[in-house]
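Please look over the sequence and the structure shown here, and then follow the questions and answers below.

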Amino acid sequence: MIGGLFIYNHKGEVLISRVYRDDIGRNAVDAFRVNVIHARQQVRSPVTNIARTSFFHVKRSNIWLAAVTKQNVNAAMVFEFLYKMCDVMTAYFGKISEENIKNNFVLIYELLDEILDFGYPQNSETGALKTFITQQGIKSQTKEEQSQITSQVTGQIGWRREGIKYRRNELFLDVLESVNLLMSPQGQVLSAHVSGRVVMKSYLSGMPECKFGMNDKIVIDKQGKGGTTDDTGKSGKQSIAIDDCTFHQCVRLSKFDSERSISFIPPDGEYELMRYRTTKDIILPFRVIPLVREVGRTKLEVKVVIKSNFKPSLLAQKIEVRIPTPLNTSGVQVICMKGKAKYKASENAIVWKIKRMAGMKESQISAEIELLPTNDKKKWARPPISMNFEVPFAPSGLKVRYLKVFEPKLNYSDHDVIKWVRYIGRSGIYETRC
Amino acid sequence: MTDSKYFTTTKKGEIFELKAELNSDKKEKKKEAVKKVIASMTVGKDVSALFPDVVNCMQTDNLELKKLVYLYLMNYAKSQPDMAIMAVNTFVKDCEDPNPLIRALAVRTMGCIRVDKITEYLCEPLRKCLKDEDPYVRKTAAVCVAKLHDINAQLVEDQGFLDTLKDLISDSNPMVVANAVAALSEIAESHPNSNLLDLNPQTINKLLTALNECTEWGQIFILDCLANYTPRDDRESQSICERVTPRLSHANSAVVLSAVKVLMKFMEMLPKDLDYYGTLLKKLAPPLVTLLSAEPELQYVALRNINLIVQKRPEILKHEMKVFFVKYNDPIYVKLEKLDIMIRLASQANIAQVLAELKEYATEVDVDFVRKAVRAIGRCAIKVEQSAERCVSTLLDLIQTKVNYVVQEAIVVIKDIFRKYPNKYESVIATLCENLDSLDEPEARAAMIWIVGEYAERIDNADELLESFLEGFHDESTQVQLQLLTAIVKLFLKKPTETQELVQQVLSLATQDSDNPDLRDRGYIYWRLLSTDPVAAKEVVLAEKPLISEETDLIEPTLLDELICHIGTLASVYHKPPSAFVEGSRGVQHKRLPARAGSGESAESPEVGQSGTSEAPPAVIPSQGDLLGDLLNLDLAPATTTVPSVQPSMQMGAMDLLGGGLDSLLGGDIGGSPSMGAALGAPAAMPAALSNAPAVGGGLGDLFDLGGGVGMPTGFYVAPKTLFLPAMKAKGLEISGTFARRGGIIQMDLSLTNKAMSVMTDFAIQFNRNSFGLAPAGPLQVLTPLTPNQTIDVSLPLGTTGPVMKMEPLNNLQVAVKNNIDVFYFSCQYPLSLLFVEDGKMERQVFLATWKDIPNDNEAQFQIKDVHLNSDAASNKLQGSNIFTIAKRTVDAQDMLYQSIKLTNGIWVLAEMRVQTGNPNYTLSIKCRAPEVSQFVYQCYELVLKN
C-alpha cells in the first residue's frame, strides 16, 4: 500500500510530507526531487522506480504530488487516490497552489490522517469529511451527532447525511459533453467520440430516492418491444447508442446491470452522476476545411473555412480556431470575414476568435505566412488545426427523459421538485490535420 | 488564517523559543508553537529535542492540537522510545473516550508508533476497539491489526487478533469488512502458506454482498482479494463473474481494473463454448476503452494493462484500433504505449488506417516517438504481408528525409523485412548504401553490415564497403564486430577469390586482438569451419534462415499469466513480476491463472491468438547482441546435406574441443551410430563419411590423433612425403609433403623445416590456377615462428572451388609459399584419387546405361602387374580410396569387377577390372567422357593396389 505522500512546490521544496510505512525513509523525499523534479529531461513516465522504491506523481499547476511505495500496490488506485486528494483539497481551500497549501498545512495533515490509514484509502467524500474535519476545533457534539458522523463515514450511504432540509426542493441537471474529432485534410473522419458527463446539483430534503432516465437505445428498444410497436422507427431515431458509461458510487450498479435503470440517493450539492461515451451518429458541430500551400521556400498560404452544422436557430459561442505556424515564421498577414484573428508568435499559431455563430453558416480566414529561410533539413511537422467552441445542445444526441424523486418519509412528491435541465456541448480535442 | 508564516522561521535559537512557547499557559500560543514545530518537521529540520515539551501538550480537549501532537509523536517516537512511554497513558485513556472519533484516533495513532514498549500497552485497547460498538472505531482497529503485525507478527498471532479480524469479515458494516479484508490480505502476503484468508463460498458470498455497499476504495480491496480465490468449478466461477461485472461501470478506474482482473482470471475456467463466455468478452471491451478518457496518468496505467490483455486475449479489443490513435497533445508516455498496442492490433482489416497514422507520427518532434513509429511501420510490414510493399515505400520516403535517427531506425527495420521476405525488396539496397556514412548507432551499423553481407553478391563493392568498417574494428561495439565478422565470412564464401585477405584480416582481428570471448569464439568457429570444409561452411553460414516471427516483444507466456493475475498493480505497469521490485517476503509468491475445469483441457495454451498448434515457438527477432541472435547468425540449420566430418586440422587443442561441440551440432541428425566418442565424454556424432574407418570419433579423438601423429587408418592411401622444395632453392626453407583425403576433406600435409639461421614467420600459401580448382580453404596455420632447425607439420585443408585452368600434366599443382624472407615457388603432382568423392557409387542400372552411352573411343586399357590380391581384397582396398565396386561377375575363373568413381567436379569414371585367379596381372578398362583423366585414374589404381 501507499508508504508515504509528499507534496512539493515547483522548486522541489517539500510542503507536506506524511510517511505511513516504516519502509519509506526520509531519503525517499530527496530521491524524488533529484530524479524527477530536477531531472533535465521531460517526464517520461508518471511512475518512477528509484532504488526499488516506486514513485507515483501527478502535477497540479506547479505543485507536485507524489505517492511512494515499496510494495506491489494497486497502481490505478494510487492515481485515483491522488486525484481524489486534489479534489478534496480543492473542495476545502480552492485552487491547489503553494500559497494555499502552506496556509492550510495543518488541515492537510489532518485530512491525510483521515483519508489514508496505513496507506489504505478510507472514506474520501468531501460531503462526509466536512462534517467532522472543520478546522474550527472540536465543537461540543452530542452523542447522537457523533454517532451520526461515524455512521455516515462508514455507512452504506457515506456520501449523504441525514436530516437535510430545504424549503424549496430543487435540482439542476447539466449534460456536459465534449466532442472529440480527428479529421484528415480531405475531410475524412479518422476518429470521433463524445465523452459526456451528467452533473447534478441537488438541493433536496431528506433521503430522496431518485431515478434517472435518458434516451438510451437499449432501454427504449426494450420498451418498444413490450409496448406498442408502431413507434419503434421513431424512437429508434431518437435514441442513442451508449458505448459505455460509469457512475458515481451512489448509483446502484447491480440494478443498472440487470435492469439498466439508474437509481440512487444523491449526495447533497454538486456531484457528477455519470460519465458516458458514444461514437455513433455524432453531430459534429463544425467542419474545418484547411488549405495550406507552400509558395517557394519562404512563403506559406493558408486558407481555412469553417462551417457550422446545426439548427440555424441555435448559436455557438466562444469559437476559437488555432492554426499552427512554422517555427521560422517571420511575419503573418491575416484576413478574416468574421471575428478577430491574430498571429501569436509565442504560441506559434494564428488564433482566430469568433464570439457567436449561428447554425448552417460558413466563415473563412486566409493568411500569408512569411518564412525565414533556414537550412534546417527537417520538415515542419504541420501540427493539426484545432478548434474550440461551445454549443447549446448535446452532440451525442442524448436527451434526459425524466428524473423522478421519491422521498418516502417527508411529504413532498415528485411534482413539488423544481427541475432544471441544460445541455452544453464543448470541444474536446477537435483537430483537423492539414 | 495564514499558516504559511510557519514555514519561514529560520532564525537561530528557534528551538529555544519554541520550547518556551510550548510551555506557555495560553492555549492559543501552545497551538501556534506546535504548528511551527510541525512545519519545521515537514521541511526536514530536526525538532526531536522538543519531544518532552510537545508530549506535554497532548493532554488537551482540543482535537486539532491533539492531532498535531500525535503527528509529531509518530515521527519522533522511534528516536526517543523512552520518552514515548510518557504518551502511553494518554493513549490508553483516549481509547476509553466517549467520543468514537477520539477512540479511533488514539488506536490509529498508537499503531503507527513503532516502539516495542508501546505496542505492549496497545494490545488491550486494540482488543476492545475491535469489538467497539461504533463501526468507525472497528474499521480503524482492523487496519491497526495490520500495523501491529508489521511491527511484531508473533504478538498478533499470540494475542489471537487474527481470529478477531476474520470475524470482522462478517461484520454488518461494509467498510469494516473492506478494511478487515485489506488487513488480512496484507498479513496473508507475508505468510504464503498460512491459509489465513480462508476463502470459501460462504466468505466469498459475504464479500460479494459487501462489494455492493462499501466505498470505492473498499471495493478495490475486496476485488483484489477476490482475485486470489480459485473457484471450485466453472459454475461458481460464472456466478462470481456475474456479480462482479456491474463494477465495470464504476466511475473509479481502479475499481474497473480490479474487476477486469477478477474477470480475466475467472474466465480461464469457463468453457469456451459457453454463451456466457462470449457475452463476458464483449462486456470487457467498452470499459477498457473508457479508461482511455481518464487523466493521462491513469491512461498510462490502463494502457500498460491493455497491452497485457491484448496479448492474452486479442479478441477483446480487435475492433477498437481507432481509440489507440495518438492525439497530438497526449503526454509522451501515453503516446509510446498507444503505439505499442496499435502494432499488436494491426491486421489486414485495419492496416491501411494504421499505416496512414504511423506515417503521420514519423514526422513528429519527439525522437523516441518517431523512432518507435518508424519501427512500427517495419513491424506492420512483417505482420501483414499485403502491406509489406507499401511499408517499404513509406520507409524509403522516410529515408529520403535524411533525418539521421529516422534513417537509422528505418535501416534496422528494413533488415527485418529482408529476413521476412527474402529476394523481394532488394532493389532498395542501393538507396540504403547511400546512407552508410550517416549511421552512427551500433544497431543501425550492424543492420547495414548484415544487409551488405547477406546480399554481397548483388553489391558490387561489398568488399570495399565492409573493408571501410574494418578500419575501426576495435572501436566498434560488440554487436557491430560480430556482425562484421559474419558478413565478411559470408562475402568470402560468395566471392572467395577477391576477399581472401579481407577474411583473414577479420579472422585474425576477431581471434587474436579481441578481448571479447563471444567474438573470439565466433571467429574460431568460422575459421575452423572454413579450414576444414568450405562446402560445409557454406551450408552453415549461408543456410536458409528460420522465419522471423510476426510479433515482437511478446511477454513470455508464464510471465504473462502471472502478470494477468496482477492487473492494475505496479507489476502490470512495470511488466515485471513483483519479486523483481519488492523486497522481502512480500509478493514473492507467484500467482497463477486457474486451470480450466471440465474437459481434460489444461490451462489454455498461452500462445497468442492465431498462432495455432505449431510446435516450434516462433523465432523472435533477437534484440541485438543476445545469445539467440548469435545462434541465428551462425544459422545452424539442422538440414545440412553434406557431411561435415571430424578431422584434425589445426594445431590448437583448444580449438578441437570447441570443434567437438560444433561437430555434434552439425552432424547431429546425420551421423550414424553413436560411437566411442560418447564414452570419451565428447558429444559424439559420427559422421557417415567416417563409417569406413574404425570409429574413434569425437573431439578428443582428434586430439589423440594429433598428439600421436599416428593417424587413423582412414583407408585412403597416403603416399609418404616427398620433397617439394629443397632448402637450397628457398633460402633455407625446406618443404616436403603429400596429399590426403580424409573423410571427404582434401588435405595437403606439409612439413616445413627451417634450415636457415634465422627465425621464419608470417607463412602464407597460395596455389596457381589448376585443372580441378584446388585451392587452400584456410590460411596456412603456422602460428608460432619457425626457429632454426625446427620442423613443423601442417595440414592445409584444400577446397575445390578455386579457379580452374587445365595443367600439363593434368595433376600438376603450382604452389607459392611466402614467409618473412621471400616468396618461393614449386610445383608438385597430386594423386587423382584425392578428388574421388565419397558418393561415387553408381546405381547398377545407371552404370550399364552410362557404359553403353560412352563412345568406345573413350575406352582405355591398362595392365596392372604384380598384384598379389584376390578380387575381394582388391575391391576392399580400392573402396578405401572411393573406388566403388558395383558388381562382380565370375566367368571362367575370371572375376570381372565393375567399378565407378566420381570426381569432385562431377566427372564420372567407369572401370572394368579383370582379375584371373593365380595371375598377378590385372586388366583395367577405363571409360570416361573426359578420356584425359583415364591415365591418372590408372596411376591411382597402381598406387592403391600396390601399397
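**Charge on the surface and between chains**

Strand β19 of chain A, with three residues, gives the most to the positive patch. The model is predicted, so to speak of local features takes pLDDT of at least 70 and of side-chain atom pairs pLDDT 80 or more, while totals for chains, interfaces and linings use all residues. Residues are numbered from 1 along each chain as written, chains are lettered from A and ligands numbered from 1 in written order, and side-chain values use heavy atoms without hydrogens or water.

Q: Is A:K353 buried, partly exposed or exposed?
A: A:K353 lies in strand β19 of chain A. Buried means under 20% relative accessible area and exposed over 50%, with partly exposed in between (1.4 Å probe, protein chains only). Because its relative accessibility is 43%, A:K353 counts as partly exposed.

Q: Which residue of chain B forms a salt bridge with A:E110?
A: A salt bridge is a side-chain nitrogen of Lys or Arg within 4 Å of a carboxyl oxygen of Asp or Glu. For A:E110 the closest N and O atoms of the pair are 2.8 Å apart, and the pair crosses between chains, from helix α4 (residues 105-115) of chain A to helix α4 (residues 63-76) of chain B. The partner is B:K67.

Q: How many residues apart in sequence are the parts tied together by A:E390 and A:K318?
A: The side chains of A:E390 and A:K318 meet in a salt bridge at 3.3 Å, N to O. Because A:E390 lies in strand β21 and A:K318 in strand β16 of chain A, the parts tied together are apart by 72 residues.

Technical notes: Helices (H or I, at least four residues) and strands (E, at least two) are DSSP runs, numbered from the N terminus.
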